[in-house]
Amino acid sequence: SYTGDSIKRGELMLRRFPQLRERGFTLVELMITVVIVAILLALAGPGFRELLEGNRLQSSASNVYTSMMLARSEALKRNRPVIMCKRNAAGDACETSSTGEWQGGWLVYTNLDTNASIDPNEILAVREALSSGDTLWAVTDPNNASGGTKLLDLEYGPSGGASTEAFFILCIADGDTTTSRVVSVEVTGRPKMTKESKYCDF
């Protein structure tokens, strides 16, 4: 029959080419494979972790930068002050704590009615908290982040200028003091983003 002939041809092929027979791993081969994989993971692990941390910091720095650009452009467009401030937990008002740490998030708003509160229609953007325990400091002197002036907000005027020179310093959660991202702005109002190997040792 056709099926019987096919089986015979298969058996003949395996007798002619025994290397085609299915063969499993021996215990020694399996152990060698496990050791090689472990070595490769050990070598790649630190570099891969640093890559992830660098990408995370870069993403957070980009969020700060785009918020500054939004505040500046809206101040120019509206011809009125626009403020970027450290937000409260609810995300509907500015935080009043003067610790200078902004990792809990921030918001951008314009005070249309010039009263002391922020109305929902005045909020232009809300940024959520940073992930993984990273920190974000807003200060006027990056070389004295822990002891210098801490910022609760940054105001852009109708001309697009900033209320003060400011440095937003991003540090990773694992305590590495040599890796940071800094978003800085001069009183002219245009921000810039840099990669630094300092500023996180406080």
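**Entry 1**

I started with Arg87 and Glu128, whose side chains meet in a salt bridge of 3.4 Å, N to O. Where do the two partners sit? I found Arg87 in the loop between strand 1 (82-86) and strand 2, and Glu128 in the loop between strand 3 (123-127) and strand 4 (135-139). The pair therefore ties together parts that are 41 residues apart in sequence. I keep in mind that this is a predicted model.

Next I checked how open each partner is. Arg87 is buried, with a relative accessible area of 9%. Glu128 counts as exposed, because its relative accessibility is 56% and the cut-off for exposed is over 50%.

**Entry 1: the whole chain**

I stepped back to look at the fold. I noted two helices and eight strands. In what pattern do they follow one another? Along the sequence I read α-α-β-β-β-β-β-β-β-β.

I then looked up burial. Of the 202 residues in the protein, buried ones make up 32%. I also looked up the accessible surface, which comes to about 12000 Å². Carbon and sulfur atoms account for 56% of that surface.

How do the contacts span the sequence? I took the contacts between residues at least 6 apart in sequence, and 58% of them join residues at least 24 apart.

**Entry 2: confidence**

The mean pLDDT of the protein is 82. A value of 70 or more is reached by 79% of the residues. Which elements have the lowest and the highest mean pLDDT? Helix 1 (residues 2-16) has the lowest, at 55. Strand 2 (residues 106-109) has the highest, at 96. Where pLDDT is low, the predicted coordinates should not be read in detail.

**Entry 4**

I went back to salt bridges. My search of the whole structure gave four. Side chains of opposite charge can pair when their charged atoms come close.

Which residues are linked in a network? I noted Glu74, Lys77 and Arg78. I took the links one by one.

Lys77 and Glu74 meet through their side chains at 3.1 Å, N to O. Both lie in helix 2 (residues 27-78), three residues apart, which is about one turn of the helix.

Arg78 also forms a salt bridge with Glu74, and here the closest N and O atoms are 2.7 Å apart. Arg78 and Glu74 are four residues apart in helix 2, so about one helical turn separates them.

Which of these residues are buried, and which are exposed? Glu74 is buried, with a relative accessible area of 10%. Lys77 counts as exposed, at 61% relative accessibility. Arg78 is partly exposed, with a relative accessible area of 35%.

**Entry 3: Asp134**

I moved on to Asp134, in the loop between strand 3 and strand 4. Is Asp134 buried or exposed? Asp134 is buried, because its relative accessible area is 3% and buried means under 20%.

I looked for a polar partner next. The side chain of Asp134 is joined to that of Arg56 by a polar contact of 2.7 Å. I also listed what Asp134 touches, leaving aside neighbours within four places in sequence. The list holds Arg56, Leu57, Gln103, Cys171, Ile172 and Ala173.

I looked up Ser180 and found it in strand 7 (residues 180-185). Ser180 counts as buried, at 0% relative accessibility. What does Ser180 touch, not counting residues up to four places away in sequence? I noted Leu57 and Leu170. I also noted the run Thr194, Lys195, Glu196, Ser197, Lys198, Tyr199 and Cys200. Leu57 was already in my notes, as a contact of Asp134.

Then I turned to Ser163. Ser163 lies in the loop between strand 5 (153-156) and strand 6 (166-171). Ser163 counts as partly exposed, at 48% relative accessibility. Not counting residues up to four places away in sequence, Ser163 touches Leu154 and Glu155.

Last, I checked a distance. How far apart are Ser163 and Val187 in space? From C-alpha to C-alpha I read 6.3 Å, although the two are 24 residues apart in sequence.

Technical notes:
Residues are numbered from 1 along each chain as its sequence is written. This is a predicted model: local features need pLDDT of at least 70, side-chain atom pairs count only at pLDDT 80 or more; totals for chains, interfaces and linings use all residues. Side-chain values use heavy atoms; hydrogens and water are left out. Buried means under 20% relative accessible area, exposed over 50%, partly exposed in between (1.4 Å probe, protein chains only). Contact means heavy atoms within 4.5 Å. Accessible areas come from the Shrake-Rupley method with a 1.4 Å probe; for residues, only the protein chains shown count as cover. pLDDT is the predictor's confidence in each residue, from 0 to 100. A polar contact is a pair of N or O atoms within 3.5 Å; within protein, one must be able to donate a hydrogen and the other to accept it, and residues adjacent in sequence count only if both atoms are side-chain atoms.
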